[in-house]
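Subject: Structure for your review

Dear colleague,

Please find below the structure I am handing over to you, followed by a short account of what was found in it.

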Amino acid sequence: MTQRLDKAVADKLNTTRSTAKQLIKKGEVCVNSKIVLSPDFKCGDGDLISVSGKILSNEEFIYIMMNKPKGVISASDGKGEKTVVDILPDEMKQRNLFPAGRLDKNTTGFMLITNNGEFAHEILSPKRHIKKTYIALLDKPLDKGVIMDFESGMTLGEEKLLPAKLTALNDEKTLAKVVISQGIFHQIKRMFKKHGIEVLELKRTKIGALPLDESLREGECRYITQNELEKIKDYNKQEDE
């Protein structure tokens, strides 16, 4: 399938056609390493497009792993607040990108951003029970009673939750790993609050069997490979450790 170069650039950069045309006319856009000055140049799916020396993804669907920082909301439109889509590098920005799932504004860690609604629905579906792993810093130590309540399937309000795995990570038992298979509103914080414990810091470190890339600093991101996607989707072979 072919399309006009200005449309392809606008879509991939999530910008306007007029801005894309300006970039093209300034000689900032290359197709297969050659500068193209015509906005109506026809490019195909296999053509490699770059803007200001940065290659744009030519895949129909893209998948991005971000180490979400604090103070950024998990949405595509923040209604005035900064979102995870806003802080993507320019070369990664495309139309229709959105976060697959949510993290609280002050929760950090693994945020998956994509433009594939079907994939997002698949991994977020309650029927899939995709496990998500978090590290929580607590203001009080947890005890066996808390662990048993998590693992037996806690009742929170009027809702019976799925069993969750809770493991203390330090001698003081104020640092814990939590593995949940669902994602109701503020779930982990509410689960600890039921036992009088406040979550001071919360970071998501894994989705399914795919861990957050430890080389990514907060706010940084990279594309997810096809093999890595399978680690997210294969919910029958997920690892808790």
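Just after H2, Gly27 has a positive phi of about 80°. Please keep in mind throughout that this is a predicted model. H2 itself spans residues 17-25, and Ala20, Leu23 and Ile24 are buried in it. These residues lie on the same side of H2, because they cover an arc of only 100° around the axis. The cover over the buried residues of H2 includes helix H1 (5-13), strand E2 (29-31) and strand E5 (49-51).

In soluble globular proteins, nonpolar side chains tend to be buried together. Here the largest nonpolar core has 33 residues, and those touching the most other members are Leu88, Ile113, Leu138, Phe150, Leu166 and Phe192. Several elements supply at least two residues each to this core, among them strand E7 (63-68), strand E9 (108-114), helix H4 (144-152) and strand E14 (175-180). A second, separate core consists of 16 residues, including Ala100, Ile123, Leu229 and Ile232.

Which residues does Leu88 contact, leaving aside its neighbours within four places in sequence? They are Ile64, Met66, Lys93, Leu97, Ile113 and Cys221.

**Strand E14 and its partners**

E14 is mostly covered, with 5 of its 6 residues buried. Strand E10 pairs with E14 in the antiparallel sense over 6 bridges, and Ile135 has Lys177 in E14 as its bridge partner. Strand E13 (residues 165-168) also runs antiparallel to E14, and 4 bridges join the two. E13 and E14 form a hairpin with 6 residues between them, and Lys173 in the turn has a positive phi of about 60°.

**The largest pocket**

How much space lies in the largest pocket? The value is about 660 Å³. The lining of this pocket is made up of 30 residues, and Arg102, Leu103, Gly183, Ile184 and Phe185 lie nearest its centre. Helix H3 (117-124), E10, H5 and E15 each supply at least two residues of the lining. The largest share, 3 residues, comes from H5.

With kind regards

Notes: Residues are numbered from 1 along each chain as its sequence is written. This is a predicted model: local features need pLDDT of at least 70, side-chain atom pairs count only at pLDDT 80 or more; totals for chains, interfaces and linings use all residues. Side-chain values use heavy atoms; hydrogens and water are left out. A nonpolar core is a set of buried Ala, Val, Leu, Ile, Met, Phe, Trp, Tyr and Cys residues joined through side-chain atoms within 4.5 Å. Buried means under 20% relative accessible area, exposed over 50%, partly exposed in between (1.4 Å probe, protein chains only). Contact means heavy atoms within 4.5 Å. Two strands pair if DSSP finds at least two bridges between them. The arc is that of the directions from the helix axis to the C-beta atoms. On a 1 Å grid over the protein atoms alone, a cavity is a set of points where a 1.4 Å probe fits but cannot get out, and a pocket is an open set with protein on both sides within 12 Å along at least five of seven lines; lining residues have an atom within 4 Å of a point. Grid points are joined across faces, edges and corners, and a volume is the space filled by probe spheres set on the points.
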